[in-house]
Amino acid sequence: VTTLPVSPALADPPEVAPRKLARTATGGDRVFELTATSIGALVLLITGGIGAFLAWQSIPTLERYGWAFFTESAWQPEADVLGIGAVLVGTISVAAVAMVIAFPLALLTALFISEYAPASIKSTLVSLVDLMAAVPSIIYGMWGYFLVMPHAAAFAVWLQQNFGWLPIFQVGADPDAAVWDQSRYIGSAFCAGIAVAMMVLPMSCAVMRQVFSQTPQGEKEAALALGSTRWGMVRTVVIPFGRGGIIGGTMLGLGRALGETIAVLLIISPDFVIKPRVLEVGTNTVSALIAGRFGDASAAQLSALLTAGFVLFVITLIVNTLAAIIVNRSRSGAGTDA
Amino acid sequence: MTTETAERTLKTTHLPVADPDAPPQQPRPGLGKPTSEESFALLGTWLGALAMAWLVTQQLLPLDGWAWLVTTWLALGLIFTVVTTSISGRRVDVSDRLAAAIITSGALVVGGALLSTIGFVIFRGWEPLLHLNFFTDDMSGVGPRDPFDRGGIAHAIVGSGIQLGIAIAVTLPLGIATAVFMTEVGGRFAGIVRTIVEAMTALPSIVAGLFIYTVLIVAVGFPRSGFAAAMALSVMMLPIIARAADVVLRVVPSGLREASLALGASRWRTVWHVVLPTARPGLATAVILGVARGVGETSPVLLTSGVASFMVTDPTDGVMNSLPLYIFKGARSPELMDIERAFAAATVLLILVLALFVLARLVARQRTTAPRPSLLSRLRRLAQHQENR
């Protein structure tokens, strides 16, 4: 047995105290922290202030018109009748048409990029989708107005001829007339929805593709090794794994579609009627209402427009928040060993 | 193998018997490189569908025009895919081939839509672009029916530049400082700021414009001007940039931060010398994409800037035009020449966005490490080192 020499000084060890850790910043760090916090507070004031301002401006309008503000369809300031019933229905129908078109295309494109495209062009395709998202909405609006609308009107006639028994495909015009009346089929929620679909499609597609690309490689290879076809692998592994991304991406797109202004403003013929007939001329959305009526608005009308904007903001906020929750939850399932 | 051993084998084990009715064993189609038979089936399917679609739409039914031809071609192609695959394959193969056809054609439809958008805008607007004055003149005194060698969009380009410049000068420091606050300082208050900023990204751009219109123009009495438009753009871009920068800063590895702090650097120095340089390409991408969003946004500008047909360089001095607004007004005009000018301006805007986008990609790809010194300089340094010894 060996023994270590013990120095007599250590036989009586000194009092050991833990090193002091300063939690509060000092000197330059204090300045940094204060500056950052005050800028954060300033931004909170600006951004939160907008929301609070909109809510505050909505109070007089809601007090004056009450629930009728949400159900009344007319917007007649001279008769003191203001309501957003028609524009809310119009907003939702334009967004619904856009999602009906954009959802399948976004899903197919995302699946193509992540599973079917040759590896050499994959990154190019991803950039193209991002580029598509960066194209300004006014350009999609012009595309929809000048190029697509005549074709969309012809397609609307065909839809009415063959599916006219569905209430949403009815139009107040004779589809079997010798020369069909194009002016009854343009400027509709359907035409606007096509342009809006082009805008929301890349956004949804990007979210979906990102979630698909996180599918564990091991599970995909396992499916193929068990003898499944490529589609079998996609159906049983990729799509179930990416379900959260599919739903979340679609809802993010929906949030964008609800707030889209300029393409809709360019295409639609404004009309203040609650109508579920998406193929017929004339509709309106909240954002198009604001863009069309702000100029000649009195103080009370401006407050009503702000209320309409606030309602739109709240709807978009709810949709976006739900989408964020769904997308985040789907990511938490990514812990599977690859 | 001798006959003797063969007989013994026959006694102990059963040899597999070839079944003449069984389908030939084939590898699953759809994995790996397509065989020549598959390629031929694919080609034949879509050519046959095209011929059939032409026959049906152009010769038999009254469905003229290329739109019907393409639609029918797609539908018939899917049907033909099912038919040709079921000749040789089983149900699994049919559904696999059909799914591949649907997914590929869906992606092609999207690609075609993007191409048609860009192509259509350039096709309708190329003529004014050939005149140099389109880029150097403004529209003051130019009538709607004047030829293209008079007037231009210089005022709109300059207006867009000034408005965006002010908006960037406001949002860039605020947005990045907020992101630094949310990630580097933290705490409960930062959580509140993050929640509010994320919520405000849902603000529709038209509502941002209406807010500035109500506060700055109606309540304060500020004139419609480039400055008001810049404020509307800032309100719209601030949450977007702050949120994107926050995402970028959050993925900076915390090992780098901890290493810097362990070396004795203060938190401020850690942020300035470690976190921000690491995140620089990502931050630049976030900012550039935010700017690309801002340059094409029409609705906030529509409410706040007013329309001028002449050059305005002072952002506080009355109405000012910008590219998206010019395009919007032109597209709504009944004059054909105005519409054509709008398409030309749209082409310019598209090129601008494309340039910003490519710039974002280049910045994101940029390597921050210095390039390796050349062989010659390394040898020279080595020689110098030897001499000094």
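**Second largest cavity.** I began with α6(B), which gives the most to the lining of the second largest cavity, with 3 residues. A cavity here is a set of points on a 1 Å grid over the protein atoms alone where a 1.4 Å probe fits but cannot get out, and lining residues have an atom within 4 Å of a point. Helices are DSSP runs (H or I, at least four residues), numbered from the N terminus. About 50 Å³ of space lies in this second largest cavity; a volume is the space filled by probe spheres set on the grid points, which are joined across faces, edges and corners. I listed its lining as B:S160, B:Q163, B:L164, B:L233, B:G294, B:V295, B:E297, B:V301, B:S322 and B:P324. The elements that give two or more residues to that lining are α6 (154–185) and α11 (267–295) of chain B. By class, I noted 5 nonpolar, 4 polar and 1 charged. For those classes, Ala, Val, Leu, Ile, Met, Phe, Trp, Tyr, Cys and Pro count as nonpolar, Asp, Glu, Lys and Arg as charged, and the others, Gly among them, as polar.

**Ground rules.** This is a predicted model, in which local features need pLDDT of at least 70 and side-chain atom pairs count only at pLDDT 80 or more, while totals for chains, interfaces and linings use all residues. Residues are numbered from 1 along each chain as its sequence is written, chains are lettered from A and ligands numbered from 1 in the order in which they are written, and side-chain values use heavy atoms, with hydrogens and water left out.

**Largest cavity.** How many cavities of 30 Å³ or more does the structure hold? I found 2. The largest has a volume of about 60 Å³. I see 15 residues lining it, and A:G90, A:S93, A:K275, A:G282 and A:T283 lie nearest its centre. Its lining divides into 5 nonpolar, 6 polar and 4 charged residues. Which helix gives the most to this lining? My note says α3(A), with 4 residues.

**Helix α3(A).** I stayed with this helix, residues 85–116 of chain A, to check its length. Its end C-alpha atoms are 45 Å apart, which agrees with the 46 Å that its 32 residues should span at 1.5 Å a residue. The expected span is 1.5 Å times one less than the number of residues. I did find a bend of about 30 degrees at A:A102, with a proline, A:P104, following within four residues. The bend is the angle between axes fitted to the seven residues ending at a residue and the seven starting there. Because 25 of its 32 residues are buried, α3(A) is largely enclosed by the rest of the structure. Buried means under 20% relative accessible area, exposed over 50%, and partly exposed in between (1.4 Å probe, protein chains only).

**Helix α5(A).** α5(A) bends by about 60 degrees at A:V148, and the proline A:P150 follows within four residues.

**Two residues of α6(A).** I looked up A:A189 and found it in helix α6 of chain A. It is buried, with a relative accessible area of 3%. Not counting residues up to four places away in sequence, A:A189 touches A:S93, A:V94, A:V97, A:V278, A:E280 and A:T283; contact means heavy atoms within 4.5 Å. Its C-alpha atom is 8.5 Å from that of A:R277, 88 residues apart along the chain.

A:C205 also sits in α6 (residues 189–213) of chain A. With a relative accessible area of 1%, A:C205 is buried. Beyond four places in sequence, A:C205 touches A:A106, A:T109, A:A110 and A:V129.

**A residue in chain B.** Leaving aside neighbours within four places in sequence, its contacts include B:G209, B:Y213, B:R224 and B:A232.

Definitions and conventions
1 Å grid on protein atoms, 1.4 Å probe; cavity = no way out; pocket = protein on both sides within 12 Å on 5 of 7 lines; lining within 4 Å.
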